[in-house]
Amino acid sequence: MPEPTSAGGAALLPAAAPGGGRIGRRRFLMVGTTSAVGLGAVATAHRWAPADIPLYSQTVAFTSPDHRSTVSTPGGVRTGTRVAVDARESRMLLQREESWLAGLAPWVAEPGEHSTLLRQALLDIYVLSDRLPAPVAGWTPRWRYVWPRDVAHVAVALAAVGNPDRALDALAFFRTVPRRAGLFEARYLLDGSGSPDQRTPQFDGLGWTLWALGRIHANGSTAVRQRIVDDFGDLAADLAGTICEQIDANDGLPPTSPDYWEHEESSLTLGTVAPTLAGLMSTGPLWHDLGATRLGERVAATADHLEATTVQYFGSTGYQRYASGGGPDAATAFLVGPYVDQFAHGAVVPLLSEAEERMRRPAGGLAPGARWKRDGISWTPQTSLFAMAYAHTGQDDRAHRLLRWLDRHRTAAGSLPEKVLHDGTPSAVAPLAWTAANVVLAVAALR
């Protein structure tokens, strides 16, 4: 989750060497046990301490053709849009917004239960990406950066609603950004010059970006597939090669790394393994179109081995955060569609509802994990992630239920916030790109 400190509220530790070095399977399991126990102790010590985090903005709106700003009151934005009430050239801005929506797939404009939610999620994506080098996580200053994870989801969502060109424009940001030891930074400055801080690079960024390219390529038109081959072939091959090399050097597992919790980790998490697996498993057709037969064979072999290792170690304890435990984690949803189409679904799908129950917070949304700190906060990225997982695994009723919850907890100006307090009040940053993208993908799957 995009925050200036760790998602648990503690200051991030000093940057460590990318990947954490070689870690054998025996040490991997032993370290995982230590971490799981530590998390359990924290959870027990803080059973209930409701947090009170303000809502930083109602939404973000264009104030002129090339400028946008956060909006602090619902009356500061034209109803149902992302155009400020006092915007210069407001008519043109409204027409530009509607023109973009009208250019999406026809089903987007069709009436349905989640039509309003879908429109508002799309407008959140629009205002956080239009005329920018890449989509940002949010517009509140400390979120105004480019996260590989968020961009990957926004890109796949844009492609799903019929805008693959803008999707690939977003991913093009990662063709030239600096990478430490082959890894993407946890987040980038909007000009692509590097990281705004000393956070440790995250291994999952490779998988997220490769997954987005593979997913869009597999579902794209002939023209889209050719653009990916022409413009992204080198990047995809580089990412895949780095992943395979790191896994080969690490006893068949990804290296220990922070994941979407954005905590320093001393043991490998499902939140790193699953996106890596998704990236490897999604790209088969791409290697064929690139004529990269040898690389395709290597990627397929690495994916098969990583899948078997994931089942062996994480599956033995029910796909918890760590191989040895740590409680249910929202990353369980990364093991089903739209991330991977074939995995041990017979074992994973029944775990989703159990994980949701253990991660549920007082307002009805989900925390990132069952052993996340007990502050009463629901996180919309994880809630929307489970809506998407349910929609892709035939559990439509559960998907609809979570989408209705998200709809009820939008801000008064219509945007999806990052968090919802224990009493149902929207809080923190709004809008949030990852949540909006997940909502779009969940609705797309249901349609």
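Which residues line the second largest cavity? In this predicted model, local features are considered at pLDDT of at least 70 and side-chain atom pairs only at pLDDT 80 or more, whereas totals for chains, interfaces and linings use all residues. Residues are numbered from 1 along each chain as its sequence is written, and side-chain values rest on heavy atoms, with hydrogens and water left out.

The structure holds two cavities of 30 Å³ or more, a cavity being a set of points on a 1 Å grid over the protein atoms alone where a 1.4 Å probe fits but cannot get out. The second largest cavity is lined by Trp147, Pro148, Arg149, Glu185, Ala186, Gln202, Asp204 and Gly205, lining residues being those with an atom within 4 Å of a point. Two or more residues of this lining come from each of helix 4 (148-160) and helix 6 (204-219), where helices (H or I, at least four residues) and strands (E, at least two) are DSSP runs numbered from the N terminus. The volume of the second largest cavity is about 50 Å³, a volume being the space filled by probe spheres set on grid points that are joined across faces, edges and corners. Its lining divides into three nonpolar, two polar and three charged residues, with Ala, Val, Leu, Ile, Met, Phe, Trp, Tyr, Cys and Pro counted as nonpolar, Asp, Glu, Lys and Arg as charged, and the others, Gly among them, as polar.

The second largest pocket has a volume of about 230 Å³, a pocket being an open set of points with protein on both sides within 12 Å along at least five of seven lines. Of the 15 residues that line this pocket, Val156, Ala159, Ala160, Arg215 and Asn219 are the closest to its centre. At least two residues of the pocket lining are supplied by each of helix 4, helix 6 and helix 14, and the lining comprises ten nonpolar, four polar and one charged residue.

A search of the whole structure finds 20 aromatic pairs, in which rings of Phe, Tyr and Trp (its six-membered ring) have centres within 6.5 Å, and planes under 30 degrees apart count as stacked, over 60 as edge-to-face and the rest as tilted. Among them, Trp211 and Tyr339 form a tilted pair, 5.0 Å centre to centre and with 40° between the planes. Trp211 belongs to helix 6 and Tyr339 to the loop between strand 4 (325-328) and helix 11 (345-359), so this pair ties together parts that are 128 residues apart in sequence. Trp211 is buried, at a relative accessible area of 0%, and Tyr339 counts as buried at 3%, the term denoting under 20% relative accessible area with a 1.4 Å probe and protein chains only.

The rings of Tyr260 and Trp434 have centres 6.1 Å apart and planes at 80°, so that pair is edge-to-face. Because Tyr260 lies in the loop between helix 7 (222-248) and helix 8 (270-281) and Trp434 in helix 14 (residues 433-446), the pair ties together parts 174 residues apart in sequence. Tyr260 is buried at 1% relative accessibility, as is Trp434 at 0%. Ring pairs link Trp208, Trp211, Tyr260, Phe334, Tyr339 and Trp434 into a cluster.

Thr272, in helix 8, is buried, with a relative accessible area of 0%. Not counting residues up to four places away in sequence, Thr272 touches Phe203, Pro254, Pro255, Ser257, Pro258 and Asp259, contact meaning heavy atoms within 4.5 Å.

Methods: Buried < 20%, exposed > 50% of the residue type's maximum accessible area, 1.4 Å probe, protein only.
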